[in-house]
Amino acid sequence: MSSPHDLMERLGAADPVARADRLSPDDQRETDALLERILASPAEAARERRRPRWPRLAAITALAAVAIFAAFSLLDSDDGRSPNVVARAVAALTHKDAVYHARGMGYMWSPVEPKRQPSPFVETWHTTGGRMHWKTYAAKNGKRGRLYTEIAGQRRPGRLGGPALMYDASTNTISASGFGRSQAKMAPGVDPFDPARALKQFEAEGRLRVAGEVEVDGRRAYRLVSDWEQAAGGATQRSEIVVDARTYLPITHRLWSRAPNGIGTARMVWHYLTYERLPLNDRTSRLLDLDAPADAKCSEGTYPLLRKGSLGYPNPCAP
Amino acid sequence: MEPRGDRFERLFRETYPLVRAYALRRAAPDAAQDVVADTFLVAWRRLDDVPADALPWLYATARRVLANQRRSAARGAALERRLSGAAGADARADLGDSVADAELVREALGRLSDRSREALMLVAWEGLDGARAARAARCSKAAFAVRLHRARRQLAAELAVLEALPQPDRSPEPRSLEVGS
């Protein structure tokens, strides 16, 4: 095997266009012509046009992925019903006596990985009171595969942790866990499976607008858009939630995140196969509990660690 | 303050040959021309965002333009030929030992992941140091160092495999044909 030094020398010698930085007279003429064309193009006007192209581009991509959006749905068109639509969407997602059940998966594009990166398949149940049960599965051709992990417990908005138990299917083990920090500093709807809190906040601040109607799979829907907002770390973010015009529950969620230098923009789209509101009762409240197999092992210390917090369900690791 | 047009022209004159070489290393000549034009058009429109050390920014932009272009299957095939040496007429003009070795190295390079290949090309062909290459790859210096280290190891391993093969079995089958991630 070559030494690193030799290897890089060999690689350097394999450069197929080692002298391409020297321009022939023909190249020079082409270069001058290109410069002339660019300088003649309207830099500022083009810059202004860039913003509305993003939703169009994202929606076209989504069209290819799920073939659902009508082509003319992409133009921003605020209408007179905006306040009602926003208020109804927020209300639909903040019922106190409900369990919200969602299933879906997402795709992400980033400057580093411009190819579409699929997320795992996710299924969640949650309440507005902070109870959350989150299951992550392998995604096989857009469908649910084998279970990876699940986590269930009580979230504490704005804070790390929250008592929770995690089940790792690969080791058949339950361990103490916690939920990540709330996305308080991020744009609305960043939490794809519980967008209510952010929607509520931005509705109150008047930073959420209805950007037109679309048709999704034959259903009428509204696009709720938050414009670019400053987020954590100097990044700016924008999100769009498409809600069903009848139930006001989410159908699709898109997020754009632009790096502080303004160059790198990552985007993500979540498609919900299910997003439903179930009545909170004995049967549905059990959906919020950890669903680990009876023979799952408990990691050492799982019970004492959680004794002070309330999981919201009986700790299966209790002695 | 320097007028916008003058500033862009200076940037263009200084970096055009290097950006063109970058594109030619990753795409067929006709596609490379488009990549260069689109890259500088982005730079013109976003001149205020272009940093003083513009080259890594331009390479990163060119990589994104390339990635968009590469969604076309025809251009992917052109890249395959280019990396495997089949389309590199200039590189095959002289079939001496050094050219044979260059083809072997390019074949090994074509077998690496997009990310590893780009790391190696930024350093060995674009001649960037670690910090600038990291900026072009849009990652931290430490992450790039790790990426480059792994890429070298992978390239060495691929070369060892190729060198151990009898000549007729060295069919170019790059694992991934997309550069620019």
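# Briefing: chains A and B of a predicted model

Strand 2 and strand 3 of chain A form a hairpin with four residues between them, and A:Gly130 in the turn has a positive phi of about 110°. Strands here (E, at least two residues) and helices (H or I, at least four residues) are DSSP runs, numbered from the N terminus. The model is predicted: local features need pLDDT of at least 70, side-chain atom pairs count only at pLDDT 80 or more, and totals for chains, interfaces and linings use all residues. Residues are numbered from 1 along each chain as its sequence is written, chains are lettered from A and ligands numbered from 1 in the order in which they are written, and side-chain values use heavy atoms, with hydrogens and water left out.

**Strands 1 to 3 of chain A**

- Strand 2 (residues 117–126) and strand 3 (residues 131–140) of chain A pair in the antiparallel sense over six bridges. Two strands pair if DSSP finds at least two bridges between them.
- Strand 1 (residues 98–109) of chain A also pairs with strand 2 of chain A, in the antiparallel sense over eight bridges.
- A:Val122 of strand 2 is the bridge partner of A:Gly104. A:Val122 also stands opposite A:Thr136 in strand 3 of chain A.
- Seven of the 10 residues of strand 2 of chain A are buried, so this strand is largely enclosed by the rest of the structure. Buried means under 20% relative accessible area, exposed over 50%, and partly exposed in between (1.4 Å probe, protein chains only).

**Helix 5 of chain A**

- Helix 5 of chain A spans residues 196–204. Its buried residues are A:Ala196, A:Ala198, A:Leu199 and A:Phe202.
- Down the axis of helix 5 of chain A, the buried residues fall within an arc of 165°, so they line one face of the helix. The arc is that of the directions from the helix axis to the C-beta atoms.
- An α-helix has 3.6 residues a turn, so residues three or four places apart point the same way.

**Chain B as a whole**

- Chain B has eight helices and zero strands. From the N terminus on, its elements run α-α-α-α-α-α-α-α.
- Of the 181 residues in chain B, 52% are buried.
- Among contacts in chain B (heavy atoms within 4.5 Å) between residues at least 6 apart in sequence, 71% join residues at least 24 apart.
- Chain B exposes about 7800 Å², and carbon and sulfur atoms supply 52% of it. Accessible areas come from the Shrake-Rupley method with a 1.4 Å probe; for residues, only the protein chains shown count as cover.

**Salt bridges**

- A search of the whole structure finds 22 salt bridges over all chains. Each is a side-chain nitrogen of Lys or Arg within 4 Å of a carboxyl oxygen of Asp or Glu.
- B:Arg13 and A:Asp32 meet through their side chains in a salt bridge (2.7 Å, N to O). The pair crosses between chains, from helix 1 (residues 4–26) of chain B to helix 2 (residues 25–40) of chain A.
- B:Arg13 is partly exposed at 38% relative accessibility. A:Asp32 is partly exposed at 32%.
- A:Glu240 and A:Arg223 form a salt bridge (3.0 Å, N to O). It links distant parts of the chain: A:Glu240 in strand 9 (residues 236–244) and A:Arg223 in strand 8 (residues 219–230), 17 residues apart.
- A:Glu240 is buried at 2% relative accessibility. A:Arg223 is buried, with a relative accessible area of 2%.
- B:Arg46 and B:Asp49 meet in a salt bridge (3.3 Å, N to O). B:Arg46 is buried at 7%, whereas B:Asp49 is partly exposed at 24%.
- A network of salt bridges links A:Asp15, B:Arg25, B:Arg26, B:Glu118 and B:Glu126.

**Disulfide**

- The structure holds one disulfide over all chains. The term covers a pair of cysteine sulfur atoms within 2.5 Å.
- The disulfide joins A:Cys298 to A:Cys317 (S to S 2.1 Å). At -85° about the S-S bond, this link is left-handed.
- A:Cys298 lies in strand 12 (residues 297–298) of chain A and A:Cys317 in the segment after helix 7 (302–306) of chain A, so the pair ties together parts 19 residues apart in sequence.
- A:Cys298 is partly exposed, with a relative accessible area of 36%. A:Cys317 is buried at 12%.
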